[in-house]
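Hello,

Here is the structure we talked about handing over. Please look through it first, then read the notes below.

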Amino acid sequence: MKPGHWAIRSAAVALLPAALALAADPKLYPISDHFDGSHFHNPWGVNNTKTLWDVFSWKISSSAEAWPENAPRNTQLPQLARKGASTGVHATYIGHATVYLQDGRRSILTDPFFSERASPVSFMGPRRYRRPGIEISQIPALDTVVVSHNHYDHMDLPSLVELDRRFKPRFFVPLGNARHLLAEGITRVTELDWWQEVDGVRLVPAQHWSARGVGDRNEALWGGYLFRLGDPGSEMKVYFAGDTGYGPHFNQIRERCGAPDLALLPIGAYEPRWFMKDQHMNPDDAVLAHRDLGSRQSFAIHFETIQLTDEAIGDPRRDLRSAIARRKLPVSEFFIPEAGSTFLLSPPAP
Ligand code: ZN
Ligand code: ZN
């Protein structure tokens, strides 16, 4: 990463939905329930900004379960959609928060992370445990890329640059994030505020925070996305939660946009709870989110790819299975993928 990446505000340009080009100066964003004129926040009163002392307290008391050195090879064979075929929505788990969505007409990639490390530098920082379920070179087509927020495990600039070079897709980011992509020469970028929709891509709230360097905390927005996919006449809503704690936004999304047909919900990076719970759901929270959303089907993401927190590699999968049983959810309503697994979402029965 080049020095001063986050400092060159004057060079940055934000493409607003009306294709209005503006310098990415936070003062130009509309004041709202989640933006005070300089910083973004979660409007329902959760202050998830941790202090350096909190980080120190976590690290000295940490009882992190080390993940094994060697990951098993990926054995799942992705079932990719054929162009023009109307076979519902194919959702393939590539790893972490990266999911490849196809409906035969359109293809979308969420938070593409293909790098070795989630870090500003290539030689240190959290390292990926498992290879992506599909490598970039195996992606057949790509129209749209969405980025949920600027943390390194979600905004992986080397991956975005490579995808831009190969496919020239359109990129969507929350307010304040276009500058990072523009600094890399990626120009087809649209910034969205919460609830804004452009071309079937809508940014929706999440309970999280942002920072990429020192001194830029919460200067850029975070969020999840809602996509309209499927054939005209049997359109389906696919929700991608990004990184989020459990909060009232799941109910808000259902009230304003309707229940999703498919929800991609994070289940990993949740221990210790005193530190993580405001910013990351645990598997039990994910089951509650599935219920709040009224999702027809959910799909677990953000696990078994990079160790960011204290839980063991197998905990999210095991804890999700027990939360599903404890809350008496039909097992088939929550798909728990391996890297490379595809879930095929059919239109709802008439
Ligand atoms: Zn994050
Ligand atoms: Zn994350």
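**Overall shape**

For a compact globule of 350 residues, the radius of gyration would be near 20 Å, and the protein chain agrees with this because its own value is 19 Å. Please keep in mind that this is a predicted model. Along its principal axes, the C-alpha trace of the protein chain spans about 50 × 50 × 40 Å. Seven helices and 16 strands make up the secondary structure of the protein chain.

Of the 350 residues in the protein chain, 56% are buried. Among contacts with a separation of 6 or more, 69% are between residues 24 or more positions apart. The protein chain exposes about 14700 Å², and 54% of that comes from carbon and sulfur atoms. There are 38 positive and 39 negative charges in the protein chain, and their mean positions lie 3 Å apart.

Asp 153 sits in the loop between β6 (144–146) and α2 (157–167), while Asp 243 sits in the loop between β12 (236–240) and α4 (249–257), so the pair ties together parts that are 90 residues apart in sequence. Are these two aspartates, Asp 153 and Asp 243, buried or exposed? Both Asp 153 and Asp 243 are buried.

**Two single residues**

Gly 95 belongs to strand β3, which covers residues 89–95. The relative accessible area of Gly 95 is 2%; buried means under 20%, so Gly 95 counts as buried. Gly 95 is 55 residues from Asn 150 in sequence, and their C-alpha atoms are 18 Å apart in space.

Pro 347 is in the segment after β16 (342–345). Leaving out residues up to four places away in sequence, Pro 347 touches Ser 234, Met 236 and Arg 296. Pro 347 and Asp 231 are 116 residues apart along the chain, and 8.9 Å separates their C-alpha atoms.

Regards

Definitions and conventions. Residues numbered from 1 in each chain as written. Chains lettered and ligands numbered in written order. Predicted model: local features only at pLDDT ≥ 70, side-chain atom pairs only at ≥ 80, totals over all residues. Heavy atoms only, no water. Helix = DSSP H or I, 4+ residues; strand = E, 2+ residues; numbered from the N terminus. Rg over C-alpha atoms; globule rule 2.2 N^0.38 Å. Buried < 20%, exposed > 50% of the residue type's maximum accessible area, 1.4 Å probe, protein only. Contact = heavy atoms within 4.5 Å. Areas by Shrake-Rupley, 256 points an atom, 1.4 Å probe, with all protein chains shown as cover. Lys, Arg positive; Asp, Glu negative; His and termini not counted. Charge placed at Lys NZ, Arg CZ, Asp CG, Glu CD.
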